[in-house]
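Hi everyone, thanks for coming. Have a look at it first.

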Amino acid sequence: MCIRDRPTIRSALGTFQSDFENNPGRLNVHDAHGFRTIVDYAHNVAGLEALGEVIEGLRHRYRRTIGVISVPGDRRDEDVLAMAAISARLFDELVVREDPVTRGRPRGELLGLLQRGAEESGLLRGTVRAVAGEPEANSIGLGLAGPGDLLVLTPSDVAGCWRQVTHFRPATAEALGAETPAVHAGQGA
């Protein structure tokens, strides 16, 4: 590196943001709908562990953490179960999904492993939902999230997921005939 390049590098690093426009699928944050959404392409153990450090640092600010995760089908069973165990530690509610391209696994096998692994790692039955498709899983995650929650989506189709997040319109409590969940004092984005 040439010394005269340092100001250019400093300037570039000083203005870089990990938003969808500059770094799609890498810790993209969307604050709307009364909850915070993080979109990150964490599809392996190392990626989810790194994302988990961020989630654990933020957890105290939020009422609940909700995750929508998947693993490519060509991963080893032990890696799939490790992803489920990490997810059980990070999330209060979890949606596991399977891509249309199962990479050699029979349809449903990955969903079963993820769900079993999360429940065996401590998530209660009923807080883990298995969904076949990504848009459907994202919709369920978005629908579960409410005021004061943190929603984490780990998409394969980053652009499609981001569109879902930015175009999402939550159902109003009045339309559902229910009360809006209370947000704990001091929590939120």
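So, how many helices and how many strands are there in the protein? There are seven helices and six strands. Keep in mind as we go that this is a predicted model. If you follow the chain from the N terminus, the elements come in the order α-β-β-α-β-α-β-α-β-α-β-α-α. The protein has 189 residues, and 42% of them count as buried. And here is a number about how the chain folds back on itself: among contacts with a separation of 6 or more, 73% are between residues 24 or more positions apart.

Strand E1, residues 28–32, and strand E2, residues 35–39, pair in the antiparallel sense, over five bridges. One example you can find on the screen is His-30, whose bridge partner in E2 is Thr-37. Between the two strands of this hairpin there are two residues, and His-33 takes a positive phi near 65°.

Next, a pair of helices. In general, two packed helices are described by the angle between their axes and the distance between the axes. Here, helix H2, residues 45–58, packs against helix H3, residues 77–90, at an angle of about 5°, and the axes are 10 Å apart. An angle under 35 degrees counts as roughly parallel, so H2 is roughly parallel to H3. Which residues meet there? From H2, they include Leu-48, Gly-52 and Ile-55, and from H3, they include Ala-82, Met-83 and Ile-86. Sorted by class, the contact has seven nonpolar, two polar and four charged residues.

Now for the inside. In soluble globular proteins, nonpolar side chains tend to be buried together. In our model, the largest nonpolar core has 27 residues. The elements giving two or more residues to the core are H2, H3, strand E4, helix H4 and strand E6. Which of them gives the largest share? That is H3, with six residues.

There is also a second, separate core of 17 residues, and Val-39, Val-68, Val-95 and Leu-153 are among its members.

Let me finish with Val-152. Leaving aside residues up to four places away in sequence, Val-152 touches Ile-38, Leu-51, Ile-55, Ile-66, Gly-67, Val-68 and Phe-91.

Notes:
Residues numbered from 1 in each chain as written. Predicted model: local features only at pLDDT ≥ 70, side-chain atom pairs only at ≥ 80, totals over all residues. Heavy atoms only, no water. Axes fitted to C-alpha atoms, helices over the stretch in contact; angles between N-to-C directions. Helix = DSSP H or I, 4+ residues; strand = E, 2+ residues; numbered from the N terminus. Parallel < 35°, antiparallel > 145°, perpendicular 65-115°, else oblique. Contact = heavy atoms within 4.5 Å. Nonpolar A, V, L, I, M, F, W, Y, C, P; charged D, E, K, R; others polar. Core = buried A, V, L, I, M, F, W, Y, C linked by side-chain atoms within 4.5 Å. Buried < 20%, exposed > 50% of the residue type's maximum accessible area, 1.4 Å probe, protein only. Pairing = 2+ DSSP bridges.
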